Amino acid sequence: METKPNEISSSKMFGGYNKRYKHFSPTLGCSMTFHIYFPPSPSPSHRFPVLYWLSGLTCTDENFITKSGAQRVASSEGVALIAPDTSPRGLSIEGEADSWDFGVGAGFYLNATEEKWKNWRMYDYVVKELPQLLNENFSQLDTSRASISGHSMGGHGALTIYLKNLDKYKSVSAFAPIVNPANCPWGQKAFSNYLGGNKTDWEVR
């Protein structure tokens with residue numbers, strides 16, 4: 001299966017380009033899509049810092065790119081935007097699409113420990129696989145100058161990923177994040193299924 005990203009769409013915006021890619025993820029065991037917004041480049045050798053955007057429940061890699069208008073500022077500031085999907089897709093796990101707040105579209109940016117959900121390893125995908133993929137395939141991106149942000153479930157993901165990897169990110173920001181998932185219905189549902197019923201296990205994830 002092709003792990004190298006394949007461009008599947010492109011559109012011009014604020015002097016740069018939104019590009020969508022598809023690749024097979026060994027971490028997740030399925031094909032994944034992600035978006036990159038490339039700002040206009042001042043020279044062929046220029047390398048852009050990157051901002052990872054983690055979207056919320058029910059979203060895909062398209063929501064932020066099509067709705068936010070963040071490309072206007074990214075263009076003027078010379079920052080590339082990276083928008084991954086929110087979960088594995090197409091694995092046909094029983095119950096994966098039964099509800100909007102769990103399974104497909106609701107990966108919570110953690111590594112599941114329960115056997116049934118073993119492919120839900122969005123933490124490793126965002127922190128390890130995706131940056132390596134970008135570094136190996138897009139010379140115009142400087143992944144050593146990275147920041148991370150997100151909304152709702154993605155805000156939770158951005159905060160927890162940043163705090164566990166202070167050496168990897170220059171900054172973090174979050175919009176309306178889920179900051180206490182162990183004490184809200186969304187988080188309890190996700191954590192109990194992905195990580196098991198022992199709440200002490202949730203604290204280190």
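I started with Trp-186, which is partly exposed, with a relative accessible area of 34%. The model I am reading is predicted.

**Entry: a tryptophan pair**

I looked up Trp-100 next. Its relative accessibility is 48%, so Trp-100 counts as partly exposed.

**Entry: aromatic rings**

I noted that two rings are described by the distance of their centres and the angle of their planes. I found a count of 13 aromatic pairs. Tyr-52 and Tyr-169 make one of them, with centres 6.3 Å apart and 85° between the planes, which is edge-to-face. Tyr-52 sits in strand β4 and Tyr-169 in the loop between α4 and β7, so this pair ties together parts 117 residues apart in sequence. I checked burial too: both Tyr-52 and Tyr-169 are buried.

Then I went back to the tryptophans. The ring centres of Trp-100 and Trp-186 are 5.8 Å apart and their planes lie at 80°, so I logged the pair as edge-to-face. Trp-100 is in the loop between β5 and α3, and Trp-186 is in helix α5, so the pair ties together parts 86 residues apart in sequence.

I also found one aromatic cluster, formed by Tyr-21, Phe-34, Phe-38 and Phe-138. Elsewhere, I saw Lys-19 over the face of Tyr-17, 5.2 Å from the ring centre.

**Entry: helix α3**

I followed α3 through residues 122-137. The helix bends by about 35° at Glu-129, and Pro-131 follows within four residues. I listed buried residues of α3, among them Met-122, Tyr-125, Glu-129, Pro-131 and Leu-134. What covers the buried residues of α3? I found that the cover includes β2, β3, β4, β5, β6 and α4.

Methods
Residues numbered from 1 in each chain as written. Predicted model: local features only at pLDDT ≥ 70, side-chain atom pairs only at ≥ 80, totals over all residues. Heavy atoms only, no water. Bend = angle between axes of the 7 residues up to and from the residue. Helix = DSSP H or I, 4+ residues; strand = E, 2+ residues; numbered from the N terminus. Buried < 20%, exposed > 50% of the residue type's maximum accessible area, 1.4 Å probe, protein only. Contact = heavy atoms within 4.5 Å. Phe/Tyr/Trp six-rings, centres within 6.5 Å; stacked < 30°, edge-to-face > 60°. Lys NZ or Arg CZ within 6 Å of the ring centre and 35° of its normal.
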